[in-house]
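Here are some short notes to read beside the model. Keep the structure open and find each residue as it comes up.

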Amino acid sequence: DVEGLSARNHLTGRICQIVKLPQSTFAAIDIGQIIWAELTADAVAEMQLELGTEVVCFLKAHNLAAAE
């Protein structure tokens, strides 16, 4: 568990795909199903993210949308 943050919801997974676009980067994270995170290129470099990196995704409820 990660403490000291206001985000109550967090999911652990591994990066399985990284898509670099001109203005942002997207990472596919396998948490048992695939979720996508949008990142800046600076964040990817700073956190040394690459395929297979284990990450913890923090979710704020007001940022979630359900798709059916």
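Which residues line the second largest pocket?

1. **The pocket.** The lining is made of Ile15, Ala27, Ile29, Ala37, Glu38, Leu39, Met47, Leu49, Val55, Val56 and Cys57. A pocket is an open set of points on a 1 Å grid over the protein atoms alone, where a 1.4 Å probe fits, with protein on both sides within 12 Å along at least five of seven lines; lining residues have an atom within 4 Å of a point. S2, S3 and S4 each give two or more residues to this lining. The space inside is about 180 Å³. That volume is the space filled by probe spheres set on the points, which are joined across faces, edges and corners.

2. **Ground rules.** This is a predicted model, where local features need pLDDT of at least 70, side-chain atom pairs count only at pLDDT 80 or more, and totals for chains, interfaces and linings use all residues. Numbering starts from 1 along each chain as its sequence is written, and side-chain values use heavy atoms, without hydrogens and water.

3. **The sheet.** Four strands form an open antiparallel sheet, in the order S3-S2-S1-S4. Strands are DSSP runs (E, at least two residues), as are helices (H or I, at least four), numbered from the N terminus. Strand S3 (34–39) and S4 are the edges; each has a single partner strand, so one side of each lacks a neighbour in the sheet. On average, neighbouring strands are turned by 50° against each other, direction ignored. The axes behind this angle are lines fitted to C-alpha atoms.

4. **One pair up close.** Strand S2 (residues 25–30) pairs with S3 in the antiparallel sense, over six bridges. Pairing requires at least two bridges found by DSSP. Ile29 has Ile35 in S3 as its bridge partner.

5. **Leu49.** Look in the loop between helix H1 (41–46) and strand S4 (54–59). Leu49 is buried, at 15% relative accessible area. Buried means under 20%, exposed over 50%, and partly exposed in between (1.4 Å probe, protein chains only). Leu49 touches Ile15, Ile18, Leu39, Val44 and Val55, leaving out residues up to four places away in sequence. Contact means heavy atoms within 4.5 Å. Ile15 is 34 residues from Leu49 in sequence, yet their C-alpha atoms are 7.9 Å apart.

6. **Thr25.** Thr25 belongs to strand S2. Is Thr25 buried or exposed? Thr25 counts as buried because its relative accessible area is 3%.

7. **Cysteines.** Cys57 is buried at 10% relative accessibility. Cys16 is partly exposed, at 40%. The structure has zero disulfides, a disulfide being a pair of cysteine sulfur atoms within 2.5 Å.

Terms used. Axes fitted to C-alpha atoms, helices over the stretch in contact; angles between N-to-C directions.
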